[in-house]
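Subject: Structure for your review

Dear colleague,

Please find below the sequence and the structure that I am handing over to you.

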Amino acid sequence: MTMRDLYLLVPLAPLAASVIVGLFGPKLGRSLSHWLCILGVAISFAASIAIVRDVHAGHLFNGDVYTWLASGSLRLAVGFLIDPLTATMLIIVTFVSLMVHIYTVGYMADDPGYTRFFSYISLFTFSMLMLVMSNNFMQLFFGWEAVGLVSYLLIGFWYERPTATYANLKAFLANRVGDFGFVLGIGLVLAYFGTLDYAPVFAKAGSMAGTTIAPWAGGAWSLMTAICICLFVGAMGKSAQVPLHVWLPDSMEGPTPISALIHAATMVTAGIFMVARMSPLFEWSETALSFVTVIGATTALFMAFLGIVQNDIKRVVAYSTLSQLGYMTVALGVSAYSAAIFHLMTHAFFKALLFLGAGSVIIAVHHEQDLRHMGGLRRYMPITYVTAVIGSLALAGIPPFAGFYSKDAIIEAVGLSHVGGHRYAYFAVMAGVFVTAFYSFRMLFLAFHGEERFHPHAAQQGAADPQGKHAQGEHAHDASSAAGAEPDAHVHDAGPPRESPWVVTVPLILLAIPSVFAGWAYVQPMLFGDWFGNSIFVREPHAVLGELKGEWQGPLAFALHSLATAPFWLAIAGIATAVYLYLVNPAMPARIAARFAAITTLLDNKYYFDRFNDWFFAGGARWLGNFASTYGDRTIIDGWVVNGSAKLVGIASRAFRRIQSGYVYHYAFMMILGVFGLLYWWGVR
Amino acid sequence: MTPYLSLSIWVPIAAGLAVLGVGRDRDAAFARWIALTGAVAGFLVTIPLYAHFDTATSAMQFVEYASWIPRFGIHYHVGVDGISVLFILLNSLMTVLVVWAGWEVITTRVAQYMAAFLIMSGLMNGVFCALDGILFYVFFEAMLIPMYLIIGVWGGPNRVYAAMKFFLYTLLGSLLMLVALIYLYSVSESFEILEWYKVPLEMGAQIPLWIAFFLAFAVKVPMWPVHTWLPDAHVEAPTGGSVVLAAITLKIGAYGFVRFILPIVPDASRYLSGFVITLSLIAVVYIGFVALVQTDMKKLIAYSSISHMGFVTLGFFLYSQLGVEGALAQMLSHGFVSAAMFLCVGVMYDRMHSRQIADYGGVVNTMPKFAAFMMLFAMANAGLPGTSGFVGEFLVILAAVKADFWLGFAAAVTLILGAAYTLWMYKRVIFGPVANANVAKLTDIGRREFWLLTVLAVAVLGMGLWPKPLIDVMHVSVANLLQTVARSKL
């Protein structure tokens, strides 16, 4: 088997599993279906490991698989670019995907759509792999939209719930707004570079840096700025940056495994990956970089605030994902691309861990997602608890956990940067550290510590629960969604919470390991070593990581040094605040919320983004459509012009009909008039 | 040499006449089988057109030339190039599907129904391959008659208004074209379309000619603002009628642009290209909004057709290889996708006798297989990569950005609007809990419907994943067309 075959195997193994299970799933049965899908992803994972070793042995690849379309001088192909950046993404995607596949066996055990779910997540894995392996913009867009499709299908997986189908439509449309910009960016690349292949475009980027385009007569925009901002709008949709972030919290309507895989670890990081991949373009536009920085900083801080007021365990993690994506985006903006990818990697591990942990909790308390109805769970589910603590420490950025290394590197990089908006970004990422630590531990304490608030509710929920019926084959999704619970069809009694089965806890443990060690182990090669080779391009004036490298003395020194810096103490302060408010003095939060009612209302309404979008965009589009349909089409075109001209013909013919009276003397009179008229005409001439 | 083109025209027509001979509904089964045999035979004779097509030349192929009315130099002259050949295949394939789709659904006047489709199929093949102006005009007008009957006889409650509107709209549009054809004869002494490409014309002659042709074809496409016949016609037409109308008839309008307008009056076309581009973009954006608020599924898809056809006219008038090939790809794809969407509505209509979105909800619960198919076609309608709907849209948007960033900007709005109106409809019809007792009683698609939709699904995915074999057919002809357009006739 050549390496090329191996590259092909990576995406094709999950695709084959997905197609087979998708078409024949119900006939194959559950266990064969899930084994097929797990096998497919496991093959991909194994191949990815082989590829990453091969790449670090110096074997890169850039070649086409087949020509998709040729038109004139343009050739669009499906092809692979295998370099260190791709290889890193391959490992992350296939590893998290494999964990989620295994976890799903337990989590979705009694769902009627079991095989369909496996088919979808394998299809997702395929799409994501095609996205990261692409060697051209067209295939990138292919993968880009394909992951969006699977995300749409999976958010709406429980299609009977109105909230789920609302959320998936919203997600698709918000992503399409991003894709709108993305496609224009691709169009500009083609128009000025004449090709959509990465290599020649990147090679030419430097010489095109001075080119300007005239958006209107006399105007002049830097071509690179226009391209990069258009492409970044795509990233804002996919990676949920303000103001296109609105879809991600709602995407929690989907089953928890996909929240972990798609809406935390992989798909939403596609935008981050894309910008890193496009670093040879972004490096030539200061404007675009500072745009990226400001958007990222805003997302990082303001979405973190929203994490504080959420009571749904999944939504806390979702807002935390938004905020962490903001951190990665800031890193991109300050040209610390490898720090962004490094944080993408550590985040993939600990965020997948937190989501799967949340899912484990949700199962244990009988599909309750409200933190107010949990508490004290650490006694019942020790494995979930310990892994959740690890995940929270990593998220809060406490050394030596993985998140510490990647987040601290980003903060240091922002501090050294001079890109426009860097002061604001520095403030945002610093403040964000406190908020992040606070909401992570708030969630941890509410779920696992304190008094047990689940029993009465769980019993009541169990009694009135429609899911008991569901297990007997009846569908009652919408009823349970009104109660805010995940309506998958676990048969459950209202007994005390139990630790989840091994298919759930083993992935938790396997994800906890890199959440602890991945930072320590990879910070040196990824940030300061030669891990990414030439796949990331940084111009000299932006080389903040290069500056950091001068002070680098190893991971241990980095961790020790951090003990004397602000981010560490901010994180500790955040945790301490959470300890005080949720363990020591649990009555306080309500008093604070009442005291600062205006702020609480603002946060509860998520800064009114949703309201505004519903009113302005959704409502406005419907109003415009109705207006155009009623007045434009029916009144003016059809009413006046089409039926009007028919009426005109009718009126005219009614008039002319009178002339055709049938009386001879009328005709004779007309003839005489005519004769006189002719005579007069001839006479005058 | 086998006269494949004549076969593709006359086999379906002969089959249609044979079916008419069956007549009464007592022998409906017999009529169906003759019709299907005729349609399949009609499709089979078009396969050599693709298989033996020489992609290296822009000259007309499979040419047949015979004298028809010698006094005026009118010939039976047919031939295809890379622009037209694929539409003959598409049309013949659609005929098979339509005959099959009407198999159990049409129970009254079966023979006449089948005959109308077969005859129309032959006439439309004639339109696509006619190289003589009068021959083209005869086919072009003759095909109105079967469509008029299909809507007027097998249509819905308001069918007479719709059929009348359809007929008058398109007839009025094409009358001036006859004048244009005769004028061209008077200056070139020939009815050969290819001769007209070479005849020099003053601007003062080109503009009126352009307007005459434009009216005829813009109504057919249809372009904004002469589009209002289409929603009415679709709503009233039976499923098969909608399929043919959307998949093939609209393409004839667009085909007229590349066969007549661009090469015959190139200077006027360049002069007026801003006008056409503006109308196309209005179709894409304005009609997109109109589609969003439709409450009738067929009307919604009809408006979405108008919006998608806006991409075709936009692509033609960008004067680039990418734009024209994108437009042609969009025509092919729209043939598959709109046909599939109308079939999907037909499948539901056959069971529920309603096209109102509000009467549905939660169809996926009772018709999961159907919901999966419709998901695919809805995504194709929204232009998702991997489906045929993406190819044309993507190429035209790329070509538009290349021509002018803001053109691309306006065209790309369809990414949002197309997804919005298609998926919002899908959500309301397919997703959700079972909405009412009628939906609860629905049965999933049967074997006939399954295979019907499978054929289209394969086409949609095939073209989306590997459009090269289709686009390669067009290259040389499109390049030649662009050269012709670039040469001034003044």
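In chain B, helix 8 (residues 159-188) and helix 11 (residues 229-236) pack at an angle of about 140 degrees, and their axes lie 9 Å apart. Helix 8 of chain B is therefore oblique to helix 11 of chain B. The model is a predicted one, in which local features need pLDDT of at least 70, side-chain atom pairs count only at pLDDT 80 or more, and totals for chains, interfaces and linings use all residues. Residues are numbered from 1 along each chain as its sequence is written, while chains are lettered from A and ligands numbered from 1 in the order in which they are written.

Some terms are needed here. Helices (H or I, at least four residues) and strands (E, at least two) are DSSP runs, numbered from the N terminus. Axes are lines fitted to C-alpha atoms, for helices over the stretch in contact, and angles run from 0 to 180 degrees between N-to-C directions. Angles under 35 degrees count as roughly parallel, over 145 as roughly antiparallel, 65 to 115 as roughly perpendicular and the rest as oblique.

On the side of helix 8 of chain B, the residues that meet helix 11 of chain B are B:Arg159, B:Ala162, B:Lys165, B:Phe166 and B:Tyr169. Their partners in helix 11 of chain B are B:Trp229, B:Asp232, B:Ala233, B:Val235 and B:Glu236. Two residues are in contact if their C-beta atoms, placed from the backbone, lie within 7 Å.

Chain A has 29 helices and four strands. Its C-alpha trace spans about 120 × 70 × 60 Å along the principal axes. Of the 685 residues of chain A, 57% count as buried (20 or more other C-beta atoms within 10 Å of the residue's own; exposed means 12 or fewer, and partly exposed lies in between). Among contacts in chain A between residues at least 6 apart in sequence, 80% join residues at least 24 apart.

Helix 4 (residues 114-133) of chain A has 20 residues and reaches 29 Å from its first C-alpha to its last. That is close to the 28 Å expected, the expected span being 1.5 Å times one less than the number of residues. Because 20 of its 20 residues are buried, helix 4 of chain A is largely enclosed by the rest of the structure. The axes of helix 2 (residues 30-56) of chain A and helix 4 of chain A come within 9 Å and cross at roughly 15 degrees, which means that the two helices are roughly parallel.

Helix 8 (residues 223-238) of chain A is mostly covered, with 15 of its 16 residues buried. After helix 8 of chain A comes A:Ala240, whose phi is positive, near 55 degrees.

The contact between the chains takes 40 residues from chain B and 45 residues from chain A. Helix 20 of chain B gives the largest share of the side of chain B that touches chain A, eleven residues.

Lastly, B:Tyr197 is found in the loop between helix 9 (193-196) and helix 10 (203-220) of chain B. B:Tyr197 is partly exposed, with 19 other C-beta atoms within 10 Å. Leaving out residues up to four places away in sequence, B:Tyr197 touches B:Pro263, B:Ile264 and B:Thr484.

Yours sincerely
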